[in-house]
Amino acid sequence: QAVRIDGKANAESVLRDVTAAGAALHKKTGVKPGLAVVLVGEDPASQVYVANKGRTAEACGFHSVTHRLPADTSQEALLALIDELNADPAIHGILQQLPLPKGLDADVVVGRIDPDKDVDGLTLVNAGRLASGLADDAFVPCTPAGCMVLLRQVLGDDLSGKRAVVVGRSNLVGKPMAQLLLLANATVTVAHSRTKDLPALCREADILVAAIGRPGLLKGDCVKPGAVVIDVGINRVPAPDKGEGKTRLVGDVAYDEAAAIASAITPVPGGVGPMTIAMLMANTVASACRAAGEPRPRF
Ligand code: NAD
């Protein structure tokens, strides 16, 4: 039976270190890490995420601001807000919550964020830095960065000789995850919706990362004995056993089947999810340190 990798405990540990680093920076330089989160429209999941980010930033002792804009906000008005935050010395991290309502172009809006405040790591500059192996200068997207913290805990820093399969090729998760695994010396394959015979490919993986968005797609036949499985997926599915109309969150991996074969596995919820928000705080304190001319802390 696989070890259950506890994302919640790991996230709490990262957040303790982040809080300490922020307090030390403030004491030495007077600079308090500042995070601005921008939400446009009323997407319910996004509202939960944004409230969580604001709460966590405050708990870390950060200066935290949340801008909630109506769904009919114009692109010009949104870009003007981003410009304002780019110019605000009290703000070190800007997060534009996605998806944006129809009529707003996420590429343009995210592209407007100053790369030095792009704590989500989604600007072309930060994606390029990561792809060029300059991860130390980049802000790395928070979800794959969090996956790496969990992997390092189980397997150590050096993944030489390990085969990794990442299922999913999004700019947010799959691609940066593959880059990070490469930088850690794993041999990496990226699979996606057009991949043939996905189970056979996954069974080659010593490290299997699922970032798909399909509940329980990867079953026991996708897991090599002893593999480490990182399940990024967050899917809401009906849970009639909990009562009529009730739902629950599940990952992209069929947990029980995979846990019987793997050596370690992240649960959903309580795995990668809590790490994502912790790494957002880590990137923000790192940005504040950089802005104050202090060395960048590592988490
Ligand atoms: P996405 O929709 O942008 O990308 C999904 C990827 O899965 C695509 O590259 C696609 O090619 C691949 N895919 C789809 N169907 C497939 C199939 N049948 N076989 C193989 N590959 C297939 O999604 P995303 O933003 O990368 O997110 C992926 C999942 O991770 C979602 O469930 C999302 O909710 C979750 N997520 C979780 C966190 C977190 O904090 N834990 C953060 C971001 C995303």
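**Figure 1. Contacts and overall build of the chain.** In this predicted model, 67% of the chain's contacts with a separation of 6 or more join residues 24 or more positions apart. The chain has 10 helices and 11 strands, and its C-alpha atoms fill a box of roughly 50 × 45 × 35 Å along the principal axes. A compact globule of 299 residues would have a radius of gyration near 19 Å, and the chain agrees with its own 19 Å. Of the 299 residues, 45% are buried.

**Figure 2. An open sheet of six strands.** Follow the strands in the order β1-β11-β8-β7-β5-β6, where the pairing is parallel. At the edges sit β1 (3-4) and β6 (187-191), each of which pairs on one side only.

**Figure 3. A closer look at β8 and β11.** Here β8 (residues 228-231) meets β11 (residues 264-265) in the parallel sense, over two bridges. To get your bearings, find V229, which stands opposite I265 in β11.

**Figure 4. The shell around the ligand.** The ligand is surrounded by 25 residues, and the closest are G168, S170, H192, G213 and T276. By class, this shell has 11 nonpolar, 12 polar and two charged residues. Helix α10 (residues 272-291) gives the most to the shell, with three residues.

Figure 5. An unreviewed UniProt entry places the feature "domain: Tetrahydrofolate dehydrogenase/cyclohydrolase NAD(P)-binding" at residues 141-290. In the model, the end C-alpha atoms of residues 141-290 lie 18 Å apart, and the span is 35% helix and 19% strand.

Technical notes. Residues are numbered from 1 along each chain as its sequence is written. This is a predicted model: local features need pLDDT of at least 70, side-chain atom pairs count only at pLDDT 80 or more; totals for chains, interfaces and linings use all residues. Two strands pair if DSSP finds at least two bridges between them. Helices (H or I, at least four residues) and strands (E, at least two) are DSSP runs, numbered from the N terminus. A residue is near a molecule or strand if its C-beta atom, placed from the backbone, lies within 6 Å of it. Ala, Val, Leu, Ile, Met, Phe, Trp, Tyr, Cys and Pro count as nonpolar, Asp, Glu, Lys and Arg as charged, and the others, Gly among them, as polar. UniProt positions are given in the numbering used here, feature names are shortened, and annotations may be inferred rather than shown by experiment. The radius of gyration is taken over C-alpha atoms; the globule rule is 2.2 Å times the number of residues to the power 0.38. A residue is buried if 20 or more other C-beta atoms lie within 10 Å of its own, exposed if 12 or fewer, and partly exposed in between; C-beta atoms are placed from the backbone. Two residues are in contact if their C-beta atoms, placed from the backbone, lie within 7 Å.
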